[in-house]
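This report walks through one chain, from its overall dimensions to selected side-chain pairs. Keep the sequence and the coordinates open while reading.

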Amino acid sequence: MATTDPRQTPRRPHVTRRDFLERVGWTSAGLTALALHAGRGRPAAQPAAPYPDWIPVSPKPPKRGGVLTRASAWDPPVIDPRLTQSVGLFQFAGLTSNRLVRYPFTDEATGATDLTLKGDLAESWQSSPDQRVWTFRLRRVVKWQNLPPVKGRELVAADVKYCFEAYAKEGVQAFTFQEIEGMETPDPHTLRIHLRTPNTLFAQNVAEPVAVIFPREVLEEDGDLKKRLIGTGPYILKEHTRKVRIVLQRNPDYFDKDRPYVDEYVILSTPDAATRLAAFRTGHSDMTWVASPSEVEAVRKTNPATVVQALKNTLAPFGISLAQDRPPFNDVRVRRAISMAIDRQMQVDTVFEGHGILGWGVPYIYYQDTMPTAKDLGPWWQYRPAEAKRLLAEAGHPNGFETTLFYYEYFPQMTSQVQLVQQELRKNLNITVKISKLDYTSYYGRYVEGKWDGMAWGFQSGHAVGLDERTYVYMHSKSTKNFFRVNDPVIDDLTVKLRQTPDRADQRALARKIVDREYDQVLRMWMPYDTGFLMFQPHVRNMAAGVLRSTIGYGSPTIARLWLDR
């Protein structure tokens, strides 16, 4: 059967999920086989991927109009930003809503690693000399979307104050906003925030993709934010049909008057990886993500005009999360033994075709200039099965033990990783692991709520860009985002000291101490990963992803600057 040329793809003003699945379903079986085959054998010589990690903006003047469509792996567990930081929500919440501060869009950035802060709702900000008082001055032209109950009224400083107070009361972001001691609004467009302790990185905290501003009227009328998502952003949430589709419509009252360019953005719930690939190949999805070079090449054989961006590897978001607050995983010898029993390099060479990284949790760009090597990760991250067996016996488990592990398949290669770990722990340590594969919503809820024993194929949320979020917020023992259950007084002390240190060189040195402690105590057992590749139809412009901010995920705000050249 002939493949549709994406350069001749017709406009899709109204795409239903049923139509979409019928149009692409014919290729699902074949692509499933392709996806499962990817990574099962490393080519004789695997070269570096010949794709750029940055795609410059188009020199052409932007065109307005059209419908952008994407087949998505994720469905939001809830649409209340207080209660989740799931990519299922923030793949579009960053378009319906704004933050005080943001990171640069594609047409502003100097490259993939540009992390310069830009004003979003705030046009300027500054801190006091002691870093405890932060003052944000808001834009004067911002209106809430013209929907009840806000009906297009002006955004004022009291709205942001209310929002931050609500975040502090409950939910996964409570830890971040509970550090606020008080807030003042000396005039309608000025917000002054007093922190309990100094934080030189606070502007990064409120620039995180999850720190979106919502209106008080919705929370007060509904009691939660689960039914309506209203903001000040470039797009209005027109439809959210769970496990079917999300439709965003251009906001005519957006404060950046020339944007967005695309009239409508349709996100189709497509949990099956093969179906997502088929949708892209047949021109029914404008952008997609894959994990391996072989998947990219398979698509380019039928769609040679595909534009590819190799996302820059700076960290691993996934790893084995252990219930280290209870036996046997509260014993560091057990954690070290498990880590040494896993051959990470084999996963890089096979599962990720030589293109992945061994795995680490804090973005290396914050503490060193080059990507970490195996030696940098320390002795407990090397594959030493004999030493692992000796150490497990020393910890009182010479005959191993039984445990469980649950996971969600974020991408097909993940199942291969889980199975390899299961096999190696059985072979090297006589640890029997019973695996449970869950759907996304069940997995996310169970993992984040901490209602599990044994092991999980865990994650640190991909939304975090700033150094404070990746260290203090994710690793402090009291944090609501400490999903790996880290409880280490040394880490607590170091992460607090880091956020109170203004000098960049001193910050790098402290970040280095934090990661060295993490590796030594095996507090988060990172697994190999490849940030992978974004693929775009050739008519998509100004779509490049920045480091730690994928266009199809937490970097969704950049879609406000994206346009379609057709």
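## Helix H17

The expected span of a helix is 1.5 Å times one less than its number of residues. Helices (H or I, at least four residues) and strands (E, at least two) are DSSP runs, numbered from the N terminus. Helix H17 covers residues 504–521, 18 residues that should span 26 Å at 1.5 Å a residue; the end C-alpha atoms are 26 Å apart, which agrees. This is a predicted model: local features need pLDDT of at least 70, side-chain atom pairs count only at pLDDT 80 or more, and totals for chains, interfaces and linings use all residues. Residues are numbered from 1 along each chain as its sequence is written, and side-chain values use heavy atoms, with hydrogens and water left out.

Which residues of H17 are buried? They are Gln-507, Leu-510, Ala-511, Ile-514, Val-515, Glu-518, Tyr-519 and Gln-521. Buried means under 20% relative accessible area, exposed over 50%, partly exposed in between (1.4 Å probe, protein chains only). The cover over these residues includes H10, helix H15 (467–475), helix H16 (489–499) and strand E17 (525–526). At the start of H17, a side-chain oxygen of Asp-503 comes within 3.1 Å of the backbone nitrogen of Ala-505. After H17 comes Val-522, with a positive phi near 50 degrees.

## Overall fold

The chain holds 17 helices and 20 strands. A compact globule of 566 residues would have a radius of gyration near 24 Å; the chain has 23 Å, which agrees. That radius is taken over C-alpha atoms, and the globule rule is 2.2 Å times the number of residues to the power 0.38. Along the principal axes, the C-alpha atoms fill a box of roughly 65 × 65 × 40 Å.

Of the 566 residues, 63% are buried. Contact means heavy atoms within 4.5 Å. Among contacts with a separation of 6 or more, 73% are between residues 24 or more positions apart.

## Helix H12

Helix H12 spans residues 385–394, and Ala-388, Leu-391 and Leu-392 are buried there. They cover an arc of only 100 degrees around the axis, which puts them on the same side of H12. The arc is that of the directions from the helix axis to the C-beta atoms. Helix H10 (332–340) and helix H13 (412–429) are among the elements that cover these buried residues. Just after H12, Gly-396 takes a positive phi of about 100 degrees.

## Asn-205

Asn-205 lies in helix H6 (residues 202–205). Its relative accessible area is 3%, so Asn-205 is buried. Residues that Asn-205 touches, not counting those up to four places away in sequence, include Thr-176, Glu-179, Asp-468 and Arg-499.

## Salt bridges

A salt bridge is a side-chain nitrogen of Lys or Arg within 4 Å of a carboxyl oxygen of Asp or Glu. By this rule the count is 42. In one of them, the closest N and O atoms of Asp-159 and Arg-153 are 2.7 Å apart. Asp-159 is buried at 3% relative accessibility, whereas Arg-153 is partly exposed at 26%.

Arg-541 and Asp-565 form another salt bridge, at 3.1 Å, N to O. This pair links distant parts of the chain: Arg-541 is in strand E19 (residues 540–541) and Asp-565 in the segment after strand E20 (563–564), 24 residues apart. Asp-565 counts as buried, at 14% relative accessibility.

Arg-259 pairs with Asp-256 in a salt bridge, with the closest N and O atoms 3.0 Å apart. Both residues, Arg-259 and Asp-256, are buried.

Definitions and conventions. Polar contact = N/O pair within 3.5 Å; in protein donor to acceptor, adjacent residues only side chain to side chain.
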